[in-house]
Each structure stands twice: as C-alpha cells, then as structure tokens.
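Please read it with the coordinates open.

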Amino acid sequence: MGEKEEDTEEAWLQLRPVEPLPSQCCGSGCSPCVFDLYHQDLARWEAARASNDRSLLSGKQLQSCPSKLSPETFLAFRISALDKLTKDTYHVRFALPGNSQLSLHPGQHLILRGIVDDLEIQRAYTPISPANAKGYFEVLIKCYQTGLMSRCIKSWRVGDTAFWRGPFGNFFYKPNQEKSPEQLPWSYREKTHFGHLDQDLIEELVSRCRRKPFALVCGSPKFTEDMAKCLLCAGLTKDSYFLF
C-alpha cells in the first residue's frame, strides 16, 4: 500500500507545472505573463492534487471561441502559408479545423510556445487576420537577432505545426468611447495615446523609439494611406510598416 501511494505521489509530482525561468519572460508587460499562466496552472494542479482528480487538470474550454483553440491548453496548428516580408519579418498563416473562426475581440491575443535548446519559451502575439476569417488565422512576427523565440520561428516551414493557446485579454476596444488608459495593462499606459493621429504625433512617437520601429497600421483604406504618408515623412522606410 505504501509503495502504491509513493508511486501515486511521484506521478502527481511529474504532472506539477514547471516554473518558468526569468529568460522565458519577454519583459514586455504581457497580460497574462508566462508567470501568470504558471501560477494559474499551479493552482489548478494543487486543486486537482487535493481532490485526487486528474480530470481537473484539463480545465474547461471557453465556448466563446468556436475553433479548437483553448486558453487552458496549448494545441497544435499547422502552418499553411509562410511569407518572409523582410529580412526579419514573417507573415504566417495557420489552418483552423473546417471553417471555424477565432472570433477574437480587438485587444485580445494568443500565446505561442516554442522549444529552443530544450528550454520552453512563450510569447504573446495578436492575429492580424479579419475576426470573421474562416479556416485560418494569421500573425505578423518580427524576429530579433538574439531572440529565443526568433530562433524557433526562423526554422518554421510550411506544413510544420506550432502550439498556441488563448485567447487572452480583458480590455475590449469601444470606438470613440474609451478616453482613459486605466483599463490597459499598466506597462502600456504611459505609451498609449487617445485622440487624433497627426504628423507631429507620429514623428514624436517614432523619435522616442530606442531602435528602428516596425509599425502595424489597421483601419480604413483612407486611414492606412494617410498613416503610410506620415510614417514615411517621419523617416521610416516602406519595409518598416505593414498595412492591413
């Protein structure tokens, strides 16, 4: 009996979530951070262990997302298309089962898991595909020379699989209604501007960047055209922004 209990205890310890290393956090103020996810998983593990019920480890999938995507568990999605837009920027399309949709709200994001040198890393990305896109979702990813996840992404090929979970993000954008940054993650409050975007503001934002920025512009055709002109006047080149 004692040996069986010991085996059971060992099995539970093997299921215990592994605490991330400091290097696994990107330091960008993600909400949730990899450490937030770890503590959520740890609390779920502790509850399951106390009840001796492993089914509690799987959590419950949110029904608001009609695809197989789950905020509780990383799931594999196949890369159906991959375009290298610049020397360090990749536009990647992932297949969804059937004609399912992510149906994310503006401001929500997904978390990608990668393995580099036997080290698990996680990073947050916001899909750029339309919310009503059927059968796929797309992300635009900028790679960095010393980035851990960048090493993983540079090895991707069409047909490979990548592991995602989500959606995350509790801040829902309301057009022309949100005037305060209080609902934003604290790390973004000082860098978020509300109101009209003009040439002076664009130049001010670009000048504050410690290194050459890459801008994502989303809006009406007229808006994206105006923003492209502003970015060019602010000193950016055409390979330094993406319009969608």
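Leaving aside its neighbours within four places in sequence, which residues is Ser-240 in contact with?

1. Ser-240. The contacts of Ser-240, apart from neighbours within four places in sequence, are Lys-212, Pro-213, Phe-214 and Ala-215. Ser-240 sits in the loop between helix H5 (221-233) and strand S8 (241-243). Its relative accessible area is 2%, so Ser-240 is buried.

2. Confidence. This is a predicted model. The mean pLDDT of the protein is 80, and 80% of the residues score at least 70. Helix H1 (residues 2-15) has the lowest confidence, with a mean of 66, and strand S2 (residues 89-95) the highest, at 95.

3. Stretches under 50. Over residues 1-7 the pLDDT stays under 50, and the model gives this stretch 0 contacts beyond four places in sequence. Residues 60-66 also have a pLDDT below 50, but there the model has 12 contacts beyond near neighbours in sequence. Where pLDDT is low, the predicted coordinates should not be read in detail.

4. Overall make-up. The protein has 5 helices and 8 strands. Along the sequence they follow the pattern α-α-β-β-β-β-β-α-β-α-β-α-β. Of the 244 residues, 35% are buried. Among contacts with a separation of 6 or more, 65% join residues 24 or more positions apart.

5. Largest nonpolar core. This core has 25 residues, and those with the most contacts inside it are Phe-94, Leu-112, Phe-137, Ile-153, Trp-156 and Trp-164. At least two residues of the core come from each of strand S1 (75-86), S2, strand S3 (109-116), strand S4 (119-125), strand S5 (136-142), helix H3 (148-154) and strand S6 (161-168). For Phe-94, contacts beyond four places in sequence include Phe-77, Ile-79, Tyr-136, Phe-137, Val-139, Trp-156 and Trp-164. Arg-78, Ser-80, Gly-135 and Ala-162 are also in contact with Phe-94.

6. Second core and Val-217. A separate core of 10 residues includes Ala-215, Met-227, Cys-230 and Tyr-241. Val-217 is in strand S7 (residues 215-217). With a relative accessible area of 8%, under the 20% cut-off, Val-217 is buried. Beyond four places in sequence, Val-217 touches Phe-223, Thr-224, Met-227, Leu-231, Phe-242, Leu-243 and Phe-244. One of these, Leu-243, is 26 residues from Val-217 in sequence and 4.9 Å away in space, C-alpha to C-alpha.

7. Helix H2. The 18 residues of helix H2 (residues 34-51) should span 26 Å at 1.5 Å a residue, and this agrees with the end C-alpha atoms, which are 26 Å apart. Which residues of H2 are buried? They are Val-34, Leu-37, Tyr-38, Leu-42, Arg-44, Trp-45 and Ala-48. These residues lie on the same side of H2, because they cover an arc of only 165° around the axis.

8. Positive phi. Asn-52, which follows H2, has a positive phi near 55°. Asn-52 belongs to the loop between H2 and S1, and its relative accessibility of 52% makes it exposed. Asp-118 is another residue other than glycine with a positive phi, here near 65°. Asp-118 is in the loop between S3 and S4 and counts as exposed, at 77% relative accessibility.

9. Strand S6. The peptide bond from Gly-166 to Pro-167 is cis, with omega near 5°, and Pro-167 is placed in S6. Phe-163 is also found in S6. Is Phe-163 buried or partly exposed? Its relative accessible area is 30%, so Phe-163 is partly exposed. Not counting residues up to four places away in sequence, Phe-163 touches Phe-74, Leu-75, Ala-76, Ile-111, Leu-112 and Arg-113. Between Phe-163 and Leu-69 there are 9.9 Å in space, C-alpha to C-alpha, with the two residues 94 apart in sequence.

How values were computed:
Residues are numbered from 1 along each chain as its sequence is written. This is a predicted model: local features need pLDDT of at least 70, side-chain atom pairs count only at pLDDT 80 or more; totals for chains, interfaces and linings use all residues. Side-chain values use heavy atoms; hydrogens and water are left out. pLDDT is the predictor's confidence in each residue, from 0 to 100. Helices (H or I, at least four residues) and strands (E, at least two) are DSSP runs, numbered from the N terminus. Contact means heavy atoms within 4.5 Å. A nonpolar core is a set of buried Ala, Val, Leu, Ile, Met, Phe, Trp, Tyr and Cys residues joined through side-chain atoms within 4.5 Å. Buried means under 20% relative accessible area, exposed over 50%, partly exposed in between (1.4 Å probe, protein chains only). The expected span of a helix is 1.5 Å times one less than its number of residues. The arc is that of the directions from the helix axis to the C-beta atoms.
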